[in-house]
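Keep the structure in view while reading.

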Amino acid sequence: MKVKEKTKNPQMVSARVARQIELLKKYYDIDAENRVIHLELHYETVNEVLASDISIKEHPQFGRAILERVNQIMDTFPEDFDVDLKLKFDDYCGYKPDVLMSAFKDNLEMFHYSCQTEKKNVFIISSILIIVAVTLMSLRLFCINGKLIPDGGILQEMIDISGWAFLWEAVSMLFISQNDKIELSRRVVSHLLKISFLDEDDKVLQIVTKDELTSKWIFETKRQRNGRMLLLIAGAACVAF
């Protein structure tokens with residue numbers, strides 16, 4: 001996960017964002033008042049963004065490259081700006097725009113569920129690491145109280161270092177290391193205001209808003225998130241104790 005930059009000077013943040021917007025205005029259409037950046041990606045043919053090995057006319061599928069490109073560009077945008085994404089194709093290669101939009105929505109939703117699974121796997125691995133850390137620390141206390149190892153000896157230090165190493169790895173996975181796939185999913189949900197398909201004459205053929213895009217998505221509940229976090233905090237507290 002990405003660590004947000006912290007600062008004690010709001011004026012510095014405002015000045016930085018203002019300068020960032022000044023630079024971005026050279027390349028993008030920006031509505032600073034409503035905090036929206038209009039991002040247009042132009043392709044000669046729709047086949048450039050489709051997964052050609054599995055796409056058919058009735059059920060096209062988009063490749064990951066277009067999502068990764070959007071994520072790469074959004075990296076340069078201020079965090080609190082939304083994005084109006086416009087995909088312009090000179091040639092739709094016989095695909096119907098409404099079928100393509102439906103496929104794009106489906107691909108984004110499948111990607112969302114894939115990210116949910118990845119987040120769950122990260123949590124499971126982190127939990128295992130914390131359990132190992134708690135086990136090592138418990139073993140240390142048992143051995144010291146039972147006088148099986150000398151207090152302050154090299155064996156105790158080795159167990160201490162191992163326990164804290166497992167704990168640090170768990171914390172790093174959850175809060176420090178950035179997972180690009182999960183970050184992209186978060187950006188789509190949080191900052192993608194709408195998606196439009198345009199033709200070579202800039203005519204809007206299809207459009208979908210964020211609410212329409214995510215209306216059927218199943219999200220992780222707040223209780224599930226809080227439960228996982230409490231479990232991790234409890235494990236970390238046991239290690240610290």
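A cavity is a set of grid points where a 1.4 Å probe fits but cannot get out. The model described here is predicted.

**Cavities**

The structure holds two cavities of 30 Å³ or more. About 60 Å³ of space lies in the largest cavity. Its lining is made of Met74, Phe77, Pro78, Glu79, Phe81, Val83, Arg186, Arg187 and His191. By class, five of these lining residues are nonpolar, one is polar and three are charged. Helix α5 gives the most to this lining, with three residues.

The second largest cavity has a volume of about 50 Å³. Leu67, Val70, Met74, Leu85, Phe104, Leu108, Leu184, Val188 and Leu192 line the second largest cavity. Helices α2, α3 and α5 are the elements that give two or more residues to that lining, and α2 gives the most, with three. The lining of the second largest cavity has nine nonpolar residues, no polar ones and no charged ones.

Helix α2 covers residues 64–74, and its buried residues are Ile66, Leu67, Val70, Asn71, Ile73 and Met74. Seen down the axis of α2, the buried residues fall within an arc of 165°, so they line one face of the helix.

The largest nonpolar core has 41 residues, of which Phe104, Ile195 and Phe197 touch the most other members. Elements that each supply at least two residues of this core are α1 (10–24), β2, α2, β3, α3, α5 (180–191) and β4. The largest share, seven residues, comes from α3.

**A pocket beside α2 and α3 residues**

The second largest pocket has a volume of about 200 Å³. Of the 15 residues that line the second largest pocket, Phe62, Gly63, Arg64, Asn107 and Phe111 lie nearest its centre. Both α2 and α3 (97–145) supply at least two residues of this lining, and α3 gives the most, with six residues. By class, the lining of the second largest pocket has nine nonpolar, four polar and two charged residues.

**Salt bridges**

Side chains of opposite charge can pair when their charged atoms come close. A search of the whole structure finds four salt bridges.

| Residue | Partner | Closest N and O atoms |
|---|---|---|
| Aspartate 80 | Arginine 35 | 2.8 Å |
| Arginine 64 | Glutamate 68 | 3.4 Å |

What does the pair of aspartate 80 and arginine 35 tie together? Aspartate 80 lies in the loop between α2 and β3 (82–91), and arginine 35 lies in the loop between β1 (29–31) and β2 (36–45), so the pair ties together parts that are 45 residues apart in sequence. Aspartate 80 has 43% relative accessibility and counts as partly exposed; arginine 35, at 32%, also counts as partly exposed.

Arginine 64 and glutamate 68 are four residues apart in helix α2, so they are separated by about one helical turn. Arginine 64 is partly exposed at 38% relative accessibility, and glutamate 68 is partly exposed at 42%.

Is lysine 88 buried or partly exposed? Buried means under 20% relative accessible area. Lysine 88 has 11% relative accessibility, so it counts as buried, whereas aspartate 202, at 43%, counts as partly exposed.

Key
Residues are numbered from 1 along each chain as its sequence is written. This is a predicted model: local features need pLDDT of at least 70, side-chain atom pairs count only at pLDDT 80 or more; totals for chains, interfaces and linings use all residues. Side-chain values use heavy atoms; hydrogens and water are left out. Buried means under 20% relative accessible area, exposed over 50%, partly exposed in between (1.4 Å probe, protein chains only). The arc is that of the directions from the helix axis to the C-beta atoms. On a 1 Å grid over the protein atoms alone, a cavity is a set of points where a 1.4 Å probe fits but cannot get out, and a pocket is an open set with protein on both sides within 12 Å along at least five of seven lines; lining residues have an atom within 4 Å of a point. Grid points are joined across faces, edges and corners, and a volume is the space filled by probe spheres set on the points. Ala, Val, Leu, Ile, Met, Phe, Trp, Tyr, Cys and Pro count as nonpolar, Asp, Glu, Lys and Arg as charged, and the others, Gly among them, as polar. A salt bridge is a side-chain nitrogen of Lys or Arg within 4 Å of a carboxyl oxygen of Asp or Glu. A nonpolar core is a set of buried Ala, Val, Leu, Ile, Met, Phe, Trp, Tyr and Cys residues joined through side-chain atoms within 4.5 Å.
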